[in-house]
Amino acid sequence: MQRTAWRLAFVTASLACIGVWATSVLVDRRTVLDAAGAKLATTARLLELHADRALETGDRIIRAGVLAAADLPRPEEEERAQRLAQTLHGLVEGGQQIASVWVMDAAGFLVAESWSHPPASRGPFADRPYFQAHRDGEGGLHVGALALGPSVRRLRFTLSRPLLAADGAFAGVVAAGVLSDHFAAAYAESGLGADARLALVRQDGAPLAIWPPPADLAEAASVIGAMTRAGTDGQLAAERQLARFPVKLVVRQGTDGILAEWRRRAWMTGGMVAAVIAALAGLTALGLRGAAAQRALVGELREERGMLERRVAERTRELAEGEARLRDTLESMTDAFIALDRDFRVVDVNAHALRLDGRPAAEILGRTHWELWPASVGTRVEEAYRGVMETRAPVQFEHHYVSDRHDAWLDIRAVPVASGIALFYTDISERKRAEVALRESEEMRRLATEGAQVGVWEVCLVTGQGHRSAEAMALLGVAEADFRAADWLEVVHPQDRARVAAAWRGAMEGGAYAVEFRAAAPDAAGRERWLLARGRAERDADGRPRRAIGVMIDVSDRVRAEAETRAALAELRLVYDTAPVGLCVFDLQGRFRRVNERLAAINGLPAEAHIGRTAREVVPAIADAAEQLLRMVIETGEPVLNVEIAGETPAQPGIRRVWEEHWYPLFDAAGRIAGVNVVAEEVTERKNAEQRQLLLAREVDHRAKNALTMVQSVLRLTRAEDPKAFARAVEGRVAALARAQGLLAEVRWTGVELRALLAAELAAFLPAEGAIHGAPGLHLDGPSVTLAPLAAQPLSMIVHELATNATKYGALSAAGGMVALSWRVDAAAGMLRLRWAESGGPPVEAAPERRGFGSRVIEMLTQGQLGGTVSRRWDAAGLVCDIALPVARVLAPPDPAAPSPLDVALAGKAAG
């Protein structure tokens, strides 16, 4: 019985030791694998971010290359090609992952490259897969396959984008070589161990970067094939799809290396358990031998058990330390981390997640995701999490999470792990708000620029590429497809290009850019389109201009209004300067501010000689009156109109002149008197004319009285046998006066031509000059002589009396009779001599026995009014009458500039 008990005790103790050992080994293995899996997932995320940034840098360089090569240089434009190569070199200079950048034309020929110029070989390279992809229509970023670089013999893959012509046609390719070992170096420092395999691959599985590095491309393809074909048995796996690029990161880590230490510990503790079982066996054997030996064996067993417990405790401590390290890693992450089991219960959470949620861990752990965050039920979040749990494929997406406790934008990555899924949250609310604010700002700017018709422009001064908003293109009157930044001056009117280019150079040298110019294209109405462009240049740390930005607005209406205003002002200035009246403006100190040409002529000084001087300095003779009027207008603010000012000016010294003036106050924008405007019209001639008119009225009155007196004399002296004869005699003499009066009126009393006076007077007695069909005739002979107005009526009466007498008694009374009337000027005697000679009339036997009325009228007029002499003789042929009249009294002055007898008479009247 005792032996059975000893054997039973031995079996029980052995099984207990083996059970404890097996349990601890399995728990240790699970812990090691979980820790390694978490480390692998974290490392994969970090390497994903590294790859994303590296590819983004490459794409940014490609985009800059596209801008630089937008206008490809032609083969003969070597200088432009060299500048493009320098630009490409500047893009990759200092970069680590980009080996080179090159530009190809539409035929696949190399135009420029970053590492040398001219290129060692220009191709063509149209057989390159990336070139064919773009030529066949791929418009975005193309990720090429891994290849060996031509100049730097290192593995690389290509990033490329197409060049498009203005019409959208394929024009070439800009490509960059990305060094594969740049990624391999980062993978080597990941700390995953020698049995880890990391690769960056395209969506189609083509390798881009591998660690450990392959010997050649064939080995690279083989490694990628093994990694993508293998399952997850015997290894840990993680895959990260880059959100912005058709590339993913694949990580594989064998469990042999991870479990090596675990195996060592398992064998060590197994050995200890075996030793304990052996000790138990010995103890049992001793127990069978005796109690003393049994007690000794129990002591040894206890000692071995204690050693085993210490080993287990040590391993437990190591596991706790590993857990702590994992916890530290989770807590140090900038992302929020939540671990869900396969029932979507929260089994772990880091501090950042607790801060983001706002609840303590005790309220979160052990509860399902759907209980904690019910707002996510039925959304993309639930769909994504369940998909990851089922497919074991990671996802990444952005989600706007809104509940009664939260309103946040999250970047979520869900990664499958052995126990469920691991969630990484990044709060991107600030970024989203910034994006919304930017969109709103851009929308407000767009609405503002569209509403105000403001065009926005931007030019990269490094690449020469530019951008203009739709409003700017509309203002320039060109379509965006027709615009090339390099030819920006072509949209400027040819006559304005030099001025615009000079303004641009000034801005590049440090000045402001502000210039008005005409667009080359007219507006819809065919009118010139005037634009105002303003901008500034942004400079780098060395003060070199790198970018220029600005705006342009349509100022056509303003320019046209200014032109119309200038034209109106020019018209007003022309009217002002050519006005037939004098115009001037005085300031408040009495100085001339403006003078027109008419006033300058009145004053006898040039207009510019007036400016800044006072009236006393320019026209001192009328300064007193001018200064008094100026003070009156300034003090009262009221105009003074219709003022006559008389005096002399330097234009005509010594001559008294008269002006009618109007003085008006001038007011500024505030309603204050700023000066005085003067309108001066010279009325000297008008005043003289009025005076002459008055004197003429008096003279007419005087002459009318004289005519009436003469008519009275004619009436008083006329004798006749009967009333009819009396009436005829009176009518004839009055008609003679009237004819003379009419001739004087026709020439405004300036003088009558003697022949015209004689012909008009004698026409009443004969039908024509000379004899016609035996009728009496008249012959006039003499030079052209102009009678003074005072002599016309008396001489007309004299001829009338001679013709009346000849008609009654002399040559004009008989058929065939003739009168010869001649005259000449005796310059030596100063006399006008007239001779009336009759012939062919009734025979004359002797002189008349008495003097008739006619003879007395002739003598009275000749001697009394004209100051001359008259003599008569009666030859057998007929009467001869000689009349001598003083030239100074009866003839008008021969000089047209000399005053007429009327003026002399008027002047005499005025003086009298």
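**Entry 1**

I began with Leu198, which stands opposite Trp211 in β8. The model I am reading is predicted, with local features requiring pLDDT of at least 70 and side-chain atom pairs pLDDT 80 or more, while totals for chains, interfaces and linings use all residues. Residues are numbered from 1 along each chain as its sequence is written, and side-chain values use heavy atoms, with hydrogens and water left out.

I noted how helices and strands are named: they are DSSP runs numbered from the N terminus, helices being H or I with at least four residues and strands E with at least two. Two strands pair if DSSP finds at least two bridges between them. Strand β7 (residues 196–202) pairs with β8 in the antiparallel sense, over four bridges.

I then looked up the whole sheet. It is open, has four strands in the order β8-β7-β10-β9, and its pairing is antiparallel. β8 (207–211) and β9 (235–241) each have a single partner strand, so one side of each lacks a neighbour in the sheet. From one strand to the next the twist averages 15°. For angles, axes are lines fitted to C-alpha atoms (for helices over the stretch in contact), and values run from 0 to 180 degrees between N-to-C directions. Helix α4 (residues 180–188) lies across β7, β8 and β10 (247–254), and runs at about 35° to β8.

**Entry 1: the five-stranded sheet**

I moved on to an open sheet of five strands, with antiparallel pairing and the order β12-β11-β15-β14-β13. Its edge strands are β12 (346–349) and β13 (395–402), each pairing on one side only. The twist here averages 25° from one strand to the next. As a reminder to myself, strands of a sheet pair through backbone hydrogen bonds, either parallel or antiparallel.

Inside this sheet I checked β11 (residues 336–341) and β15 (residues 420–427), which pair in the antiparallel sense over six bridges. Asp341 stands opposite Gly420 in β15. Helix α10 (residues 380–391) packs on the sheet and touches β11, β13, β14 (407–417) and β15; contact means heavy atoms within 4.5 Å. The direction of α10 makes about 150° with that of β13.

Which residues other than glycine have a positive phi? I noted Phe344, at about 65°, and Arg392, near 60°. Phe344 lies in the loop between β11 and β12, and Arg392 in the loop between α10 and β13. Phe344 counts as buried because its relative accessibility is 8%, whereas Arg392, with a relative accessible area of 28%, is partly exposed.

I also looked for a cis peptide bond and noted the one from Gly123 to Pro124, with omega near 20°. Pro124 lies in the loop between β2 (110–113) and α3.

**Entry 2: rings**

Rings of Phe, Tyr and Trp (its six-membered ring) pair if their centres lie within 6.5 Å; planes under 30 degrees apart count as stacked, over 60 as edge-to-face and the rest as tilted. How many aromatic pairs does this rule give? The count is 10. In one of them, Phe131 and Phe170 have ring centres 5.5 Å apart and planes at 80°, so the pair is edge-to-face. It links distant parts of the chain, with Phe131 in helix α3 (residues 129–135) and Phe170 in strand β6 (residues 170–179), 39 residues apart. Phe131 is buried at 0% relative accessibility; Phe170, at 22%, is partly exposed.

The pair of Trp457 and Trp504 is tilted, with 6.1 Å centre to centre and 55° between the planes. Trp457 is in strand β16 (residues 454–460) and Trp504 in helix α13 (residues 497–508), 47 residues apart. Both Trp457 and Trp504 are buried.

Phe344 came up again, in an aromatic cluster with Trp370 and Tyr385. Arg386 lies over the face of Phe344, 5.0 Å from the ring centre. The rule for a charge over a ring asks for NZ of Lys or CZ of Arg within 6 Å of the ring centre and within 35 degrees of the ring normal. Arg594 lies over the face of Tyr576 in this way, at 5.9 Å.

**Entry 3: the whole chain**

Last, I looked up totals. The protein chain has 24 helices and 32 strands. Of its 912 residues, 41% count as buried.

Key
Buried < 20%, exposed > 50% of the residue type's maximum accessible area, 1.4 Å probe, protein only.
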